[in-house]
Amino acid sequence: GGFMSLSSGVLEVFDPFTETSLVSTLFAGPIDAHPFQSGLLVTEFATGNVVLPSGHSLGSREIIATTPAPAFLAGDDDNVCLMDVLNKTVFQIIANGTILSPPVIAATGFGAPEGIALRGETLLVVDGGRETLEEVDLISGEVQTIATDLGFFLGIPGLAFGFANDVVVDHSGAVY
């Protein structure tokens, strides 16, 4: 388990069973963190970097992608995608366990993308601007609307995204 704070920059990893802190470290405005293989990927708002921290207290930081906007991650140990909120584009930044340099555009043209989740070889994208749930085939790039009229809250005036509506897929494949 863990938590992070954009304003203070703290990311803390803790053991939920012993309720003890394993690591507490600073990032440049952490927006999202995602488990990856034996480590963790973190998006930093202040730098625009997606970093793969390692070492003592996660102090070594390999930059694996950069984006000028708030970015959210979804994936597994083999494939990781990044949602660039301002460019309304999903990039695949890791494919088959290999970091892609440069990242590959998986899909673009969303109204106001917010939440993402990997489901097999497809990526689910919450499009707050259209109040839909979209499914992106990571092989073909085809985008298909799978749910409509979701009734999201209106966006926040002056921001390019809404209230961070999200999507989650459980181990059985159910979508929430």
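Q: Which strands each supply at least two residues of the lining of the largest pocket?
A: This is a predicted model, in which local features need pLDDT of at least 70 and side-chain atom pairs count only at pLDDT 80 or more, whereas totals for chains, interfaces and linings use all residues. Residues are numbered from 1 along each chain as its sequence is written, and side-chain values use heavy atoms, with hydrogens and water left out. Strands are DSSP runs (E, at least two residues), numbered from the N terminus. Strand 4 (30-36), strand 8 and strand 12 each supply at least two lining residues, and the largest share, five residues, comes from strand 12.

Q: Which residues lie nearest the centre of the largest pocket?
A: Rolling a probe the size of a water molecule over the atoms shows where empty space is left. A pocket is an open set of points on a 1 Å grid over the protein atoms alone, where a 1.4 Å probe fits, with protein on both sides within 12 Å along at least five of seven lines; lining residues have an atom within 4 Å of a point. Here 20 residues form the lining, and Ile116, Ala117, Asp166, Val167 and Val168 lie nearest the centre.

Q: Is Thr67 buried or exposed, and where does Thr67 lie?
A: Buried means under 20% relative accessible area, exposed over 50% and partly exposed in between (1.4 Å probe, protein chains only). Thr67 lies in the loop between strand 7 (60-66) and strand 8 (71-75), and counts as buried because its relative accessibility is 6%. Leaving aside neighbours within four places in sequence, Thr67 is in contact (heavy atoms within 4.5 Å) with Gly48, Leu82 and Asp84.

Technical notes. Helix = DSSP H or I, 4+ residues; strand = E, 2+ residues; numbered from the N terminus.
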